[in-house]
Amino acid sequence: MDGLKVMSYGERGNPDEIYYEAKDEEDLHWWQLDTICYFVGKDDKSKIWRWYRDHVENDQWYYIEHRNYDYNAIDDARLPRFERYLRNLKYAFPSDYFKKKVEKYTGLMNRWYLIPHWGYDYENLCFIEISDSKEYQSDFDKSEEPKPETIIKVID
């Protein structure tokens with residue numbers, strides 16, 4: 001009734017819930033702009049990844065490795081979307097807000113690494129690798145992927 005609540009109207013049988021509750025009109029406008037920044041623009045998916053998942057055998061992934069690559073990550077599809085979103089925020093929001101978002105999304109990018117792998121280049125507005133660590137398998141298996149024995153082909 002006050003116009004400051006964004007509702008999620010129980011899609012597919014879920015109950016209605018408040019998705020975001022703004023403090024005032026200005027807060028609501030900033031939230032709307034942040035939401036627009038997340039969805040507007042085209043992701044840059046032209047980067048070449050070092051390891052590509054090829055197929056599964058006996059519940060284990062097998063990989064193809066490229067000798068020439070841009071990123072040393074396995075295949076985190078979030079990276080282009082996160083970079084685009086953060087670039088949009090850079091020009092629309094105050095620097096302290098932008099910095100907080102960069103920290104949050106760098107944390108998300110490093111979620112599956114025992115040693116942080118990703119940093120953020122504030123000058124070029126993109127994620128950069130800060131270590132040679134690899135993603136770990138799961139919360140129950142901390143072994144890194146890909147294991148050397150699972151790389152089936154190396155491509156120049």
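Buried means under 20% relative accessible area, while exposed means over 50% and partly exposed lies in between. Keep those cut-offs at hand for the whole tour. One caution before you click: this is a predicted model.

**Stop 1**

Select Phe 93. Its relative accessible area is 9%, so Phe 93 is buried.

How far apart are the ring centres of Phe 93 and Tyr 97? The structure holds 14 aromatic pairs, and here is one of them. The centres of the Phe 93 and Tyr 97 rings are 4.5 Å apart, and their planes meet at 20 degrees, so the pair is stacked. A pair of aromatic rings is described by two things: the distance of the centres and the angle of the planes.

**Stop 2: an edge-to-face pair**

Select Phe 98 and Tyr 122. These two form an aromatic pair that is edge-to-face. The centres are 6.0 Å apart, with 85 degrees between the planes.

Where does each partner sit? Phe 98 is in helix H3, residues 95-109. Tyr 122 is in the loop between strand E5 (118-121) and strand E6 (126-129). The two are 24 residues apart, and the pair links distant parts of the chain.

Check the surroundings too. Phe 98 is buried because its relative accessible area is 4%. Tyr 122 is at 39%, so it counts as partly exposed.

**Stop 3: a ring cluster**

Select Tyr 38, Phe 39, Phe 82, Tyr 85 and Tyr 105 together. Ring pairs link these five residues into a cluster.

**Stop 4: a helix salt bridge**

Move to helix H2, residues 78-92. Select Glu 83 and Arg 87. Their side chains meet in a salt bridge, 3.7 Å from N to O. Glu 83 and Arg 87 are four residues apart in H2, so about one helical turn separates them.

Is Glu 83 buried or exposed? Its relative accessibility is 1%, so Glu 83 counts as buried. Arg 87, at 29%, counts as partly exposed.

**Stop 5**

Select Arg 111. At 35% relative accessibility, Arg 111 counts as partly exposed. The charged end of Arg 111 sits over the Trp 112 ring, 4.0 Å from the ring's centre.

Asp 139 is partly exposed, with a relative accessible area of 40%. The side chains of Arg 111 and Asp 139 meet in a salt bridge of 2.9 Å, N to O. Arg 111 lies in the loop between H3 and E5, and Asp 139 in the loop between E6 and strand E7 (151-155), so the pair ties together parts that are 28 residues apart in sequence.

Now include Lys 142. Arg 111, Asp 139 and Lys 142 are linked in a network of salt bridges.

**Stop 6: a bridge between strands**

How many salt bridges are there in the count? The count comes to five. Select Glu 21 and Lys 5 to see another. The closest N and O atoms of Glu 21 and Lys 5 are 3.6 Å apart. Glu 21 is partly exposed at 46%. Lys 5 also counts as partly exposed, at 36% relative accessibility.

**Stop 7**

Select strand E4, residues 60-66. E4 is mostly covered, with five of its seven residues buried.

Show strand E3, residues 51-57. E3 and E4 pair in the antiparallel sense over six bridges. Pick Val 56 and find its bridge partner in E4, Trp 61. Then look at the hairpin of E3 and E4, which has two residues between the strands. There, Asn 58 takes a positive phi near 50 degrees.

Now show E7. E4 and E7 pair in the parallel sense, over four bridges. His 66 has Ile 155 as its bridge partner in E7.

**Last stop: Glu 65**

Select Glu 65, which is found in E4. With 12% relative accessibility, Glu 65 counts as buried.

Which residues does Glu 65 contact, leaving aside its neighbours within four places in sequence? Click through them: Arg 50, Trp 51, Ile 151, Lys 153, Val 154 and Ile 155.

Key
Residues numbered from 1 in each chain as written. Predicted model: local features only at pLDDT ≥ 70, side-chain atom pairs only at ≥ 80, totals over all residues. Heavy atoms only, no water. Buried < 20%, exposed > 50% of the residue type's maximum accessible area, 1.4 Å probe, protein only. Contact = heavy atoms within 4.5 Å. Phe/Tyr/Trp six-rings, centres within 6.5 Å; stacked < 30°, edge-to-face > 60°. Lys NZ or Arg CZ within 6 Å of the ring centre and 35° of its normal. Salt bridge = Lys/Arg side-chain N within 4 Å of Asp/Glu carboxyl O. Pairing = 2+ DSSP bridges.
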